[in-house]
Amino acid sequence: MTTGASQMITGTSQMTTWTSQMSTRKPVFPPIHPIPYICSPMTSDIIQLLPDSVANQIAAGEVIQRPASALKELLENAIDAGATIINVNIKDAGKTLIQVIDNGCGMSDTDARMSFERHATSKIKNAEDLFAIRTMGFRGEALASIAAIAQVELKTKRMEDDLGSSIEISGSKVENQSQCPSPNGTNFSIKNLFYNIPARRNFLKSNPVETRHLLEEFQRVALSHPDLSFTFNHNGIDVFHLNASTFKQRIVSLFGNSYNERMVAVEESTTIISIKGFVGKPEVAKKTRGEQYFFVNKRFIKDNYLNHAVQSAFQDLLPPGSYPSYFLFIEIDPAKIDINIHPTKTEIKFEDERAIYSIIRASVKRALGQYSVMPSMDFEIDRSVNIPVITKDTVIIHPSINLQPGYNPFTAPRDAPSHNNKKIDPNWQKLYEGLDLAAIEKEAPIPKETDEDLSEPIGHVFFQLFNRYIVTPMHSGLMVIEQQAAHERILYERYLNYLTRNQGLHQQQLFPQTIEFSATDYDLMNELEEEIRALGFDIKPFGKHTYVIHGVPSDIRQGEEKESIEELLEQYKNNQSTLQLSKRENLARAIATNLSIKAGQFLSHREMKHLAEDLFSCHSSASAPNGKPIWMIINEEEFARRFSK
Ligand code: ADP
Ligand code: MG
């Protein structure tokens with residue numbers, strides 16, 4: 001690792017970025033045209049419009065990936081229809097039946113038929129409406145897609161009609177349409193999803209996996225609509241029976257009674273967004289990603305950047321390696337987000353991303369601060385606070401959390417809340433660190449914090465003990481750093497950053513190498529190809545089960561290019577079986593584990609110094625990605641105690 005450690009710090013000179021490669025990339029496979037374009041003199045025009053059924057099937061490929069995606073669309077339609085009671089019946093993990101019954105507005109005969117046409121929607125009328133969307137759907141393609149790839153039965157009736165209408169449609173073909181007595185509302189049954197596309201049907205995962213996806217989708221919708229009643233029945237068994245309730249009660253009904261005691265309320269209202277919800281108390285944080293939910297205008301989203309905002313608000317309060325639970329609702333003017341997102345995607349674009357980051361972070365910190373100082377103040381948050389005014393360029397947070405540097409909660413004369421005989425968490429001061437404009441710095445998308453304890457200069461002398469610990473004297477005592485954990489943290493943050501920015505640095509190989517994979521590993525490579533590239537591997541598919549490597553991240557030693565990819569996959573699969581991690585998180589961890597300096601490895605003085613410097617410029621230097629502590633300080637008291645002074 002002698003070369004690796006110095007490369008890790010200095011080796012940027014010969015790096016080429018992936019983007020500079022892109023423009024010169026050639027397609028790997030020549031396009032295949034078994035029958036070349038034959039232009040006979042008889043038929044000079046060859047372009048035709050696809051029949052609707054085919055176009056719908058193609059669209060369905062994107063919109064409906066599995067039973068859970070169909071359930072999501074039906075639930076969202078029921079909500080848009082103003083339903084207050086929504087019942088879900090599932091058979092065989094949705095492979096046989098997905099039924100959603102609602103008491104919403106219902107449809108007329110014509111609308112019932114129209115609802116299966118592509119781009120048929122009652123939710124928007126023109127382009128301007130796209131910027132004011134409050135409904136869950138608007139694209140008008142879900143039902144058309146579902147009807148193209150399943151056998152669908154619809155029964156629907158409006159309150160004002162005497163008779164309802166019933167339609168059976170399969171593979172986009174209307175089999176039956178009639179009038180019939182029916183309760184008010186709508187009843188959709190989707191049977192035998194992908195019955196006409198065996199390849200897709202075979203691609204479905206096992207029943208437990210598909211059921212998990214269904215439940216996830218259901219929980220997201222149920223969480224964001226606590227005011228509605230839901231039931232979820234699988235193979236005749238009632239899995240959930242949720243009455244209309246408060247948000248807190250809904251969380252408890254979905255995740256269990258223990259959540260009653262576990263959460264702290266978050267509530268903040270600003271000119272840009274309002275936030276409401278709950279975060280888990282630090283002491284109940286989970287070792288794996290627990291319940292982490294963001295909703296924007298009641299739509300579930302996943303957003304690493306905002307997740308980071310919450311995670312960083314917890315910093316120093318969480319046991320190492322654990323993740324906070326949170327259920328946060330953001331309300332924002334629809335014109336300020338890019339709503340034109342793909343139906344299956346859960347990302348969203350905000351106009352004022354940085355400001356939103358700061359607001360979320362500040363609100364969570366404040367909620368935690370109030371809880372730490374006044375643990376008795378359980379759920380009800382003090383409503384008498386000022387509303388911060390936030391514009392694109394400034395963030396002014398409520399004065400009580402914009403504390404002066406050096407503010408000491410124990411000596412502050414006024415406004416310090418009375419804390420009776422409750423124990424104060426000494427860490428709570430840290431809650432207020434970095435609450436200035438740092439969070440909206442122009443350059444860094446993920447703001448860094450400096451660790452107060454380490455602001456004093458790190459010693460200039462380093463010793464290595466047992467080829468494993470780096471020891472350095474400091475003002476406050478003797479610092480001991482575990483080298484492997486430290487390097488894992490450094491690499492993990494570096495590669496996570498590459499993945500987030502999609503710009504890993506790589507060193508070009510003089511001689512490209514090929515690797516042949518097993519069929520399953522090749523599939524995994526395909527699945528991860530984009531991310532692996534973002535890590536800094538310049539790889540391309542190259543024939544059957546094979547990839548060619550043109551470049552690798554500069555942390556990888558020469559001659560170990562092939563092994564590094566194989567080990568990366570291996571570690572990825574390992575992580576996958578034991579932890580619930582996102583692709584990126586998993587890959588960053590996997591590469592960090594593989595490339596890190598190991599215990600037992602000799603380090604030069606220079607390498608130790610670089611390692612320490614890199615470690616303490618990490619976002620969180622206290623623990624390795626797996627939660628193990630990285631360093632400790634043996635302080636004066638400890639020495640005194642040892643010498644029985
Ligand atoms: P979208 O929701 O994007 O408009 P869909 O294909 O999901 O597109 O639905 C098409 C239309 O069918 C909707 O705009 C709505 O008018 C109608 N519709 C669908 N589901 C229901 C329902 N459960 N109750 C009433 N109307 C519905
Ligand atoms: Mg819809």
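Student: How many residues surround ligand 1?
Tutor: This is a predicted model. A residue counts if one of its heavy atoms lies within 4 Å of the ligand. Asn77, Thr121, Ser122, Lys123 and Gly140 are the closest. The number surrounding ligand 1 is 20.

Student: Which helices and strand each supply at least two residues of the shell around ligand 1?
Tutor: By class, the shell has eight nonpolar, eight polar and four charged residues. The elements that each supply at least two of its residues are helix H4 (67-80), H6 and strand E7 (185-191).

Student: Which residue has a side-chain N or O atom 2.6 Å from an oxygen atom of ligand 1?
Tutor: Polar contacts are pairs of N or O atoms within 3.5 Å. Asp102 has a side-chain N or O atom 2.9 Å from a nitrogen atom of the ligand. A polar backbone atom of Leu143 is 2.9 Å from a ligand oxygen. The side chain at 2.6 Å from an oxygen belongs to Thr121.

Student: What percentage of the accessible area of ligand 1 does the protein cover?
Tutor: On its own, ligand 1 has 530 Å² of accessible area. The protein covers 93%.

Student: Are helices H3 and H6 roughly parallel or roughly perpendicular?
Tutor: H3 spans residues 52-63 and H6 spans 142-149. Their axes are 8 Å apart, at an angle of about 105°. Angles of 65 to 115 degrees count as roughly perpendicular. The two helices are therefore roughly perpendicular.

Student: Which residues of H6 make the contact with H3?
Tutor: The contact has six nonpolar, four polar and no charged residues. H3 contributes Ser53, Asn56, Gln57, Ala59, Ala60 and Val63. From H6 come Ala144, Ser145, Ala148 and Ile149.

Conventions
Residues are numbered from 1 along each chain as its sequence is written. Chains are lettered from A and ligands numbered from 1 in the order in which they are written. This is a predicted model: local features need pLDDT of at least 70, side-chain atom pairs count only at pLDDT 80 or more; totals for chains, interfaces and linings use all residues. Side-chain values use heavy atoms; hydrogens and water are left out. Axes are lines fitted to C-alpha atoms, for helices over the stretch in contact, and angles run from 0 to 180 degrees between N-to-C directions. Helices (H or I, at least four residues) and strands (E, at least two) are DSSP runs, numbered from the N terminus. Angles under 35 degrees count as roughly parallel, over 145 as roughly antiparallel, 65 to 115 as roughly perpendicular and the rest as oblique. Contact means heavy atoms within 4.5 Å. Ala, Val, Leu, Ile, Met, Phe, Trp, Tyr, Cys and Pro count as nonpolar, Asp, Glu, Lys and Arg as charged, and the others, Gly among them, as polar. A polar contact is a pair of N or O atoms within 3.5 Å; within protein, one must be able to donate a hydrogen and the other to accept it, and residues adjacent in sequence count only if both atoms are side-chain atoms. Accessible areas come from the Shrake-Rupley method with a 1.4 Å probe; for residues, only the protein chains shown count as cover.
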